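Reader: I am new to this one, so please take me through it slowly. I will start with a single residue and ask about the rest as we go.

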Amino acid sequence: MRVGILTREYPPYVYGGAGVHVTFLVRELRKLIEVEVHALGEPREDAVTHSENDPLLDGANPALRVLAADLSVADKTAGLELVHSHTWYANMGGHWSKLLHGIPHVVTAHSLEPDRPWKAEQLGGGYALSSWAERTAYEGADAVIAVSHAMLADILNAYPALDPARVHVIHNGVDADLYYPDGSADVLDRIGVDPTRPYLAFVGRITRQKGVTHLLRAARRMDPALQLVLLAGAADTSELAEETDAEIARLRAERTGVFVISEHLPAAEVRQVLSHALFFCCPSIYEPLGIVNLEAMACDTAVVASRVGGIPDVVVDGGTGLLVDYDPADPDGFEAGLAEAANRLVADPGLAAQFGRAGRERAVTDFSWTAIAEQTVALYQSLA
């Protein structure tokens, strides 16, 4: 079977969970079937690439440039037996491939545009285009993969015209051979972390979705012994960058041990940061699943996370970590809940260690990429 994986994120350009998903899924799929990757953006050695820099659209809204690249994708997928697209960036490439070549189109839902209205800050009118592209592709797809049960419900809520029989739950996974308890400490030494004090770790982009400002505000109520190590990429917008920088400055004025690393660290260094943390914190206000929670769990690390989206599919409250309720109408209550959970683990590091051990076992047993690839191929074959 010859399948095309359509994506914007693909090594070496991976900046979010969708890119992690595609990277490991492709690795495992290639053990089972023939896979051809079509990637938007910069050239890659291991993919057919489609530039978003059409000179006819120089200076145009970024969404238009993405859709132009999708036209190229549709042109180059002739001869494939099925296409599988990831995120709205590649969805129309899949939809147009289906129409042009008469082949099945599978979509994996890593997030939903209707549930991320803050993206209008980034895209302006392009947000209406990205929303149209996603809706059109989902409603026309032969199958839609939801990465969690909560995502399945969100998909059907956002797109009621979609036949529920075409939506299937196949979780994200984790490579437990890449993410494991790592005793090395050179990265922490370089950052300047005090080894005599516990710390929480955060890994993620600075977006509204990831709830970083909630975490920073919550930290003002956390035990002063607790350090914060934030591996946080660039903010989505200048306004969010200013807001986040102000919260970081305010926090640093009140406590020591606040470390913010904006550079992209390789997985081996992230693994070390996760492994030594008392707990990993995921304060997302929207999260279809949250691969980074699995990565932390695989490193033997407890998780404190918001009870939103697919996170409860991964983090067992009271088993592998602590979940905190999120109510958009009560941000202060959410922040207080994060602080309470953090302080509970600072006061009881034995409980955090217990959660960590259980998390590693759950990650290895229930979320291997091998099993996820096998489920995905079975879906492909049902559509052939």
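Reader: Which residues does Glu 247 touch, not counting those up to four places away in sequence?

Author: Leaving aside residues up to four places away in sequence, Glu 247 touches Leu 216 and Arg 217, where contact means heavy atoms within 4.5 Å. Please keep in mind that this is a predicted model, in which local features need pLDDT of at least 70, side-chain atom pairs count only at pLDDT 80 or more, and totals for chains, interfaces and linings use all residues. Residues are numbered from 1 along each chain as its sequence is written, and side-chain values use heavy atoms, with hydrogens and water left out.

Reader: Okay, and where does Glu 247 sit, in which helix?

Author: Glu 247 belongs to helix α9, which covers residues 238–254; helices (H or I, at least four residues) and strands (E, at least two) are DSSP runs, numbered from the N terminus.

Reader: Is Glu 247 buried or exposed?

Author: Glu 247 has a relative accessible area of 10%, so it is buried. The cut-offs are under 20% relative accessible area for buried, over 50% for exposed and partly exposed in between, with a 1.4 Å probe and protein chains only.

Reader: Let me zoom out: how many helices and strands are there?

Author: The protein chain has 15 helices and 13 strands. Its radius of gyration is 21 Å, close to the 21 Å that the globule rule gives for 384 residues, so the chain is as compact as a globular protein of that length; the radius is taken over C-alpha atoms, and the rule is 2.2 Å times the number of residues to the power 0.38. Along its principal axes, the C-alpha trace spans about 60 × 45 × 40 Å, and buried residues make up 55% of the 384 residues.

Reader: And the strands, what order do they take in the six-stranded sheet?

Author: The order is β10-β9-β8-β11-β12-β13, in an open sheet with parallel pairing, and two strands pair if DSSP finds at least two bridges between them. Strands β10 (258–261) and β13 (321–324) stand at the edges with a single partner strand each, so one side of each has no neighbour in the sheet. Neighbouring strands here are turned by 20° against each other on average, with direction ignored; the axes are lines fitted to C-alpha atoms, for helices over the stretch in contact, and angles run from 0 to 180 degrees between N-to-C directions.

Reader: What packs on that sheet?

Author: Helix α10 (residues 267–276) packs on it, touching β8, β9 and β11 (279–282), and the helix direction makes about 140° with that of β8. Within the sheet, seven bridges join β8 (residues 199–206) to β9 (residues 227–235), and Val 203 stands opposite Leu 231 in β9.

Reader: What about the seven-stranded sheet, what is its order?

Author: That open sheet runs β3-β2-β1-β4-β5-β6-β7, with parallel pairing. Its edge strands are β3 (48–50) and β7, each of which pairs on one side only, and the twist from one strand to the next averages 25°. Four bridges join β5 (residues 105–109) to β6 (residues 143–146), and Thr 108 has Ile 145 in β6 as its bridge partner. Helix α5 lies across β5 and β6, running at about 125° to β5.

Reader: Switching topic, how many aromatic pairs are there?

Author: Rings of Phe, Tyr and Trp (its six-membered ring) pair if their centres lie within 6.5 Å; planes under 30 degrees apart count as stacked, over 60 as edge-to-face and the rest as tilted. By this rule there are four aromatic pairs. One of them is Phe 24 with Trp 369, a stacked pair at 6.1 Å centre to centre and 15° between the planes. This pair links distant parts of the chain, since Phe 24 lies in helix α1 (residues 17–29) and Trp 369 in helix α15 (residues 369–383), 345 residues apart. Phe 24 and Trp 369 are both buried.

Reader: How are Tyr 138 and Tyr 159 arranged, stacked or tilted?

Author: Tyr 138 and Tyr 159 form a tilted pair, at 5.4 Å centre to centre and 55° between the planes. Tyr 138 lies in helix α5 (residues 126–140) and Tyr 159 in the loop between α6 (149–158) and β7 (167–169), so the pair ties together parts that are 21 residues apart in sequence. Tyr 138 is buried, with a relative accessible area of 1%, and Tyr 159, at 1% relative accessibility, counts as buried too.
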